[in-house]
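My entries follow in the order I made them.

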Amino acid sequence: MMGVSRALVLCGLLLTACGAPAPMPQRLPTRAPTKEGRGVQLEPEMEVEAPGAIPAQEYYAQGVERQRVGDVEGALQHLTWAIRRDPGLATAYVARGCVHLARGEAESALGDAAAALDLEPSAQAFLLQAEALRLLGRHQDALRAFDAALEHDPGLQGDTFNARWWAARAAGDGSRLAALRDEFAAAHPDDPLRYYYRGWATVEAGEEMEAIRLLIEGIEGTAHPPAVLWYALGRAYTRREAWQEAITALEVARSLLEAGDDSLGLHAEQPVAHLFVALGEAYLGAGRCADARTTLAYAGSIGAPAPLYMPALQEAQLCGTPTPTASP
């Protein structure tokens, strides 16, 4: 699911930042008392609230611990119980919102973020809100929420960089991309990836030739240039309709990815799909219709969104097909 992997990373960041208390050694009951006083064993996802005055903080600690070990359903239950016991426990809403993100439930996560912010505006609550908005496609709103999170805790700048970059790209916000490009260069002056951020921001500004120059400079000046530099170069050539140059750059990116280079994850949450869509479009532009069809169909088979690849695939299916002539 789009965005879920990033959401899991965010959840780890938020749970750490929330400073969750250590879980109590007591294992909360999972048996519901019956009228006869006997217990009925319930499935984990059907656990009911344990009897007795168990504090909200204990439910919260158990919920956070279950989330850490991958028990998403158990985490959701315990955090919900914590909120029922203490509706003013803002950190429980943030932690439960993380669980909703992990389940792909961005609307529910957004609701928990709003509840947390009403109680206690914090960097963690704004960060949860920002990621939920980003996953819902409300990119400008997400960027504003990221700004608020960083105002509360500037130390989150590095951890949120990729999410802010993706949101700015999706929003088509050139000024944001330029600011993020400069932010990365200032923080990592010797990192070859700075050429990717500089180059892509320049591509988005419509200055493809300058982007090509920057990216070639980065590739030639780096002993082992990462795949994302070649990918950005290929996309810049595509904008110029320099099809053969685009194919060459994108095929290098594909070779590096197949060799284990994971740098394309900086550009997209579905890096392989994006690469094959780009390569298919370049093949199509160069008139290599069969290669375009195969490559774009593969992109679709591995989960590329239909709007990303289907128009080019439909064109590739017509490409090279002889126009029928009318019978006498």
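How do the residues of the lining of the second largest pocket divide into nonpolar, polar and charged? I counted five nonpolar, four polar and one charged. I note here that the model is predicted.

**Entry 1, the pocket.** I looked up the volume of the second largest pocket and got about 160 Å³. The residues I found lining this pocket are Gln157, Gly158, Phe161, Asn162, Glu183, Phe184, Ala187, His188, Tyr197 and Leu266. I then asked which helices supply at least two residues each to the lining, and found α8 (161–171) and α9 (174–187). The largest share is three residues, and it comes from α9.

I went on to helix α10 (residues 193–204) and helix α11 (residues 208–220), whose axes come within 8 Å and cross at roughly 170°. An angle over 145 degrees counts as roughly antiparallel, so I logged α10 as roughly antiparallel to α11. On the α10 side I listed Tyr195, Tyr196, Arg198, Gly199, Thr202 and Val203. They meet Glu208, Glu210, Ala211, Leu214, Leu215, Glu217 and Gly218 in α11. By class, I have six nonpolar, three polar and four charged residues in this contact.

Next I took helix α12 (residues 227–239) with helix α13 (residues 243–258); the axes come within 8 Å and cross at roughly 160°. The crossing of α12 past α13 is left-handed. From α12 I noted Ala227, Trp230, Tyr231, Leu233, Gly234, Tyr237 and Thr238. Their partners in α13 are Trp243, Glu245, Ala246, Ala249, Leu250, Val252, Ala253 and Leu256. I sorted the residues of this contact into 12 nonpolar, two polar and one charged.

Last, I checked helix α14 (residues 271–285) against helix α15 (residues 289–301). The axes of α14 and α15 come within 8 Å, with a crossing angle of roughly 160°. That makes α14 roughly antiparallel to α15, and I recorded that α14 passes α15 in a left-handed crossing. Which residues in α14 meet α15? I found Ala273, Phe276, Val277, Leu279, Gly280, Glu281, Tyr283 and Leu284. In α15 the residues they meet are Asp291, Ala292, Thr295, Leu296, Tyr298 and Ala299. The contact of α14 with α15 divides into 10 nonpolar, two polar and two charged residues.

Technical notes
Residues numbered from 1 in each chain as written. Predicted model: local features only at pLDDT ≥ 70, side-chain atom pairs only at ≥ 80, totals over all residues. Heavy atoms only, no water. Axes fitted to C-alpha atoms, helices over the stretch in contact; angles between N-to-C directions. Helix = DSSP H or I, 4+ residues; strand = E, 2+ residues; numbered from the N terminus. Left-handed = near helix turned anticlockwise from the far one by under 90°. Contact = heavy atoms within 4.5 Å. Nonpolar A, V, L, I, M, F, W, Y, C, P; charged D, E, K, R; others polar. 1 Å grid on protein atoms, 1.4 Å probe; cavity = no way out; pocket = protein on both sides within 12 Å on 5 of 7 lines; lining within 4 Å. Points joined across faces, edges and corners; volume = space filled by probe spheres on them. Parallel < 35°, antiparallel > 145°, perpendicular 65-115°, else oblique.
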